[in-house]
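Trainee: I would like to learn how to read a structure one feature at a time. Could we begin with a pair of strands?

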Amino acid sequence: MTFKENARLDTSQVRGGGGGGRRGGGGGLAAGGGIGGIILLVLYMLFSGGGGLGGGGSTASGSPWNFSAGDVSGSGEEGASGDFSHCQTGADANENLDCRVVGTVNSVQAFWESAWSQYEPAQTVIFSGTVQTGCGAANSQVGPFYCPLDQGIYIDVSFFDQLDQMGADGGSLSQMYVVAHEYGHHVQNLNGVLGRAQQDPQGPESGAVRVELQADCYAGVWVAHADGTRLGQEDAAILEPVTQDQIRSALSAAEAVGDDRIQEQMQGRVTPENWTHGSSEQRQKWFLTGYETGDPNACNTFSAEDLG
């Protein structure tokens, strides 16, 4: 999506960690993520039955990469807070990836605050390298995730390079979808359904898949209302209306992180009994359900007989 150039950004909703924010122009990042092979190895191990969401409620939840921060030992040094002083306007968000994350956080939280009276704001940590969380130490191998113990969203923006390599088209909404998905997990934590992922952790109809698909649906609901979001009553709207090309961009990201697509790429076969996040078709279907209805109540994946 495109930010209105003169829109005001609120950097107080994010902080840096593990080396701070990283700038990247246009729809992607400067080269240098350096984590692709490690992530792919982790994916192979997980889909081969070697991991998944941990028990006991102490792990992170919601990474599209199906990795638990509680299973990751920190490596390297955690840096000081990042500097987001360059993220002031919508023009900055259109130009720089870390500013785009800031603007997305602003818009997503503005939507949920207006849509749900019980919403409590969460902070996003944009990190590089390693980061300490309420769920334990995490590093860049994790991908974006939500930690329910400190109600924080953690994103290393180098992830978006890997997302493009997995098949996303690199458009702005493919990146913003990821942020909105993680805030969907925050909403689930607040309304008490996030824990269903660990109670029933694998399979095409599992609680884990239903949790993830609901977060995708919530991301779609936000997109439906995003062009009306603003930081305050006196502020102008943050975003321009979404286009169909941008919707296709978000769908390319949902397809890229489907369990079946990743399994096919990593192990040459699809094993639905190991699914934890849903197939590409399911993820696209539920994102579109949220977008086309604009209604969070339409995102009740737990009562749906057909997940797609």
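Predicted model: local features only at pLDDT ≥ 70, side-chain atom pairs only at ≥ 80, totals over all residues.

Trainee: Which strand is joined to S6, and by how many bridges?

Mentor: Strand S2 is joined to S6 (residues 152-155) by four bridges, and the two run parallel. S2 also pairs with strand S1 (residues 14-17), again in the parallel sense and over four bridges. There, Arg-15 stands opposite Val-125 in S2.

Trainee: Is S2 largely enclosed or open?

Mentor: In general, side chains in a regular strand alternate between the two faces of the sheet. As for S2 (residues 123-127), four of its five residues are buried, so the strand is largely enclosed by the rest of the structure.

Trainee: Which strands run antiparallel?

Mentor: Strand S3 (residues 130-133) and strand S4 (residues 136-139) do, with four bridges between them. A hairpin of two residues connects S3 to S4. Thr-133 has Gly-136 in S4 as its bridge partner.

Trainee: How do I check the span of a helix, say H8?

Mentor: Compare the expected span with the distance between the end C-alpha atoms. Helix H8 (residues 244-256) has 13 residues and should span 18 Å at 1.5 Å a residue; its end C-alpha atoms are 18 Å apart, so the two agree.

Trainee: Which residues of H8 are buried, and what covers them?

Mentor: The buried ones include Gln-246, Ile-247 and Leu-251. Their cover includes helix H4 (159-165), helix H5 (172-191) and helix H10 (280-293).

Trainee: What describes a pair of aromatic rings?

Mentor: The distance of the centres and the angle of the planes describe such a pair. The count here is five aromatic pairs. In one of them, the ring centres of Phe-111 and Trp-112 are 4.9 Å apart and the planes are at 65°, so this pair is edge-to-face. Phe-111 and Trp-112 are buried. For Phe-145 and Tyr-154, the centres are 5.1 Å apart and the planes are at 15°, so this pair is stacked. Phe-145 and Tyr-154 are both buried as well. Ring pairs also link Phe-111, Trp-112 and Tyr-218 into a cluster.

Trainee: Where does the charged end of Arg-196 sit?

Mentor: The charged end of Arg-196 lies over the ring of Phe-302, 4.4 Å from the ring centre.

Trainee: Where does pLDDT stay under 50?

Mentor: That is residues 19-81, for which the model has 167 contacts beyond four places in sequence. The protein chain averages a pLDDT of 82, and 79% of the residues score at least 70.

Definitions and conventions. Residues numbered from 1 in each chain as written. Heavy atoms only, no water. pLDDT = per-residue confidence, 0-100. Contact = heavy atoms within 4.5 Å. Pairing = 2+ DSSP bridges. Buried < 20%, exposed > 50% of the residue type's maximum accessible area, 1.4 Å probe, protein only. Expected span 1.5 Å × (residues − 1). Phe/Tyr/Trp six-rings, centres within 6.5 Å; stacked < 30°, edge-to-face > 60°. Lys NZ or Arg CZ within 6 Å of the ring centre and 35° of its normal.
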